Amino acid sequence: MSYNFDDTAKRLIVATNISTCAFTAADEAMRQLEQAGFTELKLSDEWFVERGNGYFLNIYDSTVFAFKIGREFDRGMLRVAAAHTDHPCMYIKPNPEMSTKGYGKINVEVYGGPILNTWLDRPLSVAGRVALKSDNCFKPIVKIIDIKKPIFTIPNLAIHMNREVNKGVELNRQNDMAPLATIFEEEMNKDNFFMEYLAKHLQVELEDILDFELYVYNTDKGERVGMNEEFISAPRLDNITSVVACVQGIIKSSREDGINVIALYDNEEIGSRTKQGADSNLFGFVMEKLYNALGYDREDYIQALLEGFLLSIDVAHALHPNKAEKSDPTNTNMMNDGIVIKRASSQTYVTDCETIAMLEMICQNNGIPYQKYACRSDGTTGSTLGTIANKYIPMRAVDVGVPILAMHSSRELMGVKDQAYMEKLVQAYFEA
Ligand SMILES: [Zn+2]
């Protein structure tokens with residue numbers, strides 16, 4: 001098995017730079033699918049689908065489903081790969097303008113579980129969507145935006161003003177995380193400076209902006225690091241690594257007698273309990289609609305589901321070089337040693353021994369290195385969308401991911417090789 005580690009690293013770095021929030025991540029995934037010949041379907045339309053083709057769905061702008069129907073498809077096994085489009089960050093509140101003396105600041109809340117201090121002293125920008133006035137109350141004009149320029153930063157307090165800083169600092173989410181946006185000039189409107197900036201960016205009147213969902217993100221660009229460039233250091237590796245693997249996997253694979261599906265869900269970082277999250281009926285609706293469009297009934301769909309398989313992909317914890325004692329004594333995961341299969345007796349991961357065996361065989365047959373994860377018995381595992389989605393689609397399933405360090409930092413670290421292994425895994429899974 002030959003791998004092109006440089007290519008997969010480059011592709012991932014570009015994707016992390018573009019995928020600055022769930023909306024831009026979804027947008028980029030759809031752009032790639034469309035470029036690869038997938039056709040967009042609308043969730044609310046009647047579908048006319050053909051065997052041998054690929055389709056995708058834009059679900060509320062931040063979740064994307066895509067499927068490829070085999071040319072010879074006749075009920076056959078359903079294979080699903082799932083990942084999430086969102087990442088922990090700051091979220092701008094309504095009436096965002098605040099001021100301290102001559103400074104203009106932004107009122108934000110925290111989205112998900114970021115390591116707060118990694119957001120200090122970074123160049124920050126804003127991405128998300130804005131809803132504008134229209135002629136139809138039920139159809140506001142919605143625009144996805146990415147300011148791209150670093151317009152904010154959250155400065156640290158100098159060590160001279162807190163000599164205890166290196167003993168650890170607890171940051172207050174309301175007071176300490178407000179990004180600094182500007183120093184007021186005479187002509188600036190202190191009450192509206194950000195909204196005016198936004199209106200100008202959108203080239204609309206201020207009154208036309210009714211509401212927004214805007215996320216603050218780190219504009220640092222991803223890059224290769226290490227003496228042999230063996231690592232990728234980039235914002236949002238959790239979970240753009242998996243989104244890229246899903247998109248590449250479904251584009252590159254072909255399985256004549258089955259249906260391959262990718263489900264890229266929003267809102268994993270806040271528990272998935274949204275209409276576009278994994279804790280919803282979304283998957284069932286979409287699949288039932290698809291089976292109907294192909295001439296099958298609910299019974300056929302249920303059968304396909306029960307014979308099917310779910311690959312839930314999210315990042316895993318690599319062994320920390322300075323905190324090795326935090327990992328399990330016999331199950332340590334090294335970067336560049338292969339994809340990680342996650343399991344836990346608490347079933348915070350969906351995996352069971354039968355599904356692990358299936359995945360191991362796929363890896364072995366395709367020369368994909370893999371390792372197994374278990375949490376320290378006195379620690380707690382993370383969780384992901386696998387078990388949540390699995391409640392609604394009770395198919396056999398496994399949780400996997402690339403091992404990373406600094407999970408939920410505004411900049412994370414992974415091994416270059418593991419991205420190639422993960423991309424290969426999704427493709428091999430879809431073709432097995
Ligand atoms: Zn994640």
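This is a predicted model: local features need pLDDT of at least 70, side-chain atom pairs count only at pLDDT 80 or more; totals for chains, interfaces and linings use all residues.
I started with Tyr215, which counts as buried because 23 C-beta neighbours sit inside 10 Å. (Buried means 20 or more other C-beta atoms within 10 Å of a residue's own, exposed means 12 or fewer, partly exposed is in between, and C-beta atoms are placed from the backbone.)

Residues are numbered from 1 along each chain as its sequence is written.

**Tyr215**

I found Tyr215 in strand E10, residues 209-218. (Helices, H or I with at least four residues, and strands, E with at least two, are DSSP runs numbered from the N terminus.) Which residues touch Tyr215, leaving aside its neighbours within four places in sequence? I got Cys21, Cys89, Met90, Tyr91, Tyr111, Val126, Ala127 and Gly128. (In contact means C-beta atoms, placed from the backbone, within 7 Å.) I also checked Asn333, 118 residues from Tyr215 along the chain: their C-alpha atoms are separated by 32 Å.

**The whole chain**

I looked up the secondary structure and got 9 helices and 20 strands. The radius of gyration is 22 Å, close to the 22 Å from the globule rule for 432 residues, so the chain is as compact as a globular protein of that length. (That radius is taken over C-alpha atoms, and the rule is 2.2 Å times the number of residues to the power 0.38.) The C-alpha atoms fill a box of roughly 70 × 60 × 35 Å along the principal axes. Of the 432 residues, 44% count as buried. Among contacts between residues at least 6 apart in sequence, 75% join residues at least 24 apart.

**Helix H8**

Is H8 (residues 385-392) mostly covered or mostly open? Mostly covered: 6 of its 8 residues are buried. I listed them as Leu385, Gly386, Thr387, Ile388, Ala389 and Asn390. The cover includes strands E4 (78-84), E13 (259-265), E14 (309-313) and E18 (396-401), plus helix H5 (282-293).

**Helix pairs**

I took H4 (residues 237-252) and H9 (residues 416-431) next: they pack at about 40 degrees with axes 8 Å apart. (Axes are lines fitted to C-alpha atoms, for helices over the stretch in contact, and angles run from 0 to 180 degrees between N-to-C directions.) H4 and H9 are therefore oblique to each other. (Under 35 degrees is roughly parallel, over 145 roughly antiparallel, 65 to 115 roughly perpendicular, and the rest oblique.) On the H4 side, the contact includes Thr241, Ala245 and Cys246, and on the H9 side Gln419, Met422 and Glu423 are among the residues.

Then H2 (residues 22-35) against H4: about 20 degrees, axes 10 Å apart. That makes H2 roughly parallel to H4. Ala25, Ala29, Gln32 and Leu33 of H2 meet Ile240, Val243 and Val247 of H4. By class I noted 6 nonpolar, 1 polar and no charged residues. (Nonpolar is Ala, Val, Leu, Ile, Met, Phe, Trp, Tyr, Cys and Pro; charged is Asp, Glu, Lys and Arg; the others, Gly among them, are polar.)

Last, H5 and H6 (residues 298-307): their axes come within 9 Å and cross at roughly 120 degrees. That makes H5 oblique to H6. Met287, Glu288 and Tyr291 of H5 meet Arg298, Asp300 and Tyr301 of H6. I noted 3 nonpolar, no polar and 3 charged residues in this contact.

Methods. Two residues are in contact if their C-beta atoms, placed from the backbone, lie within 7 Å.
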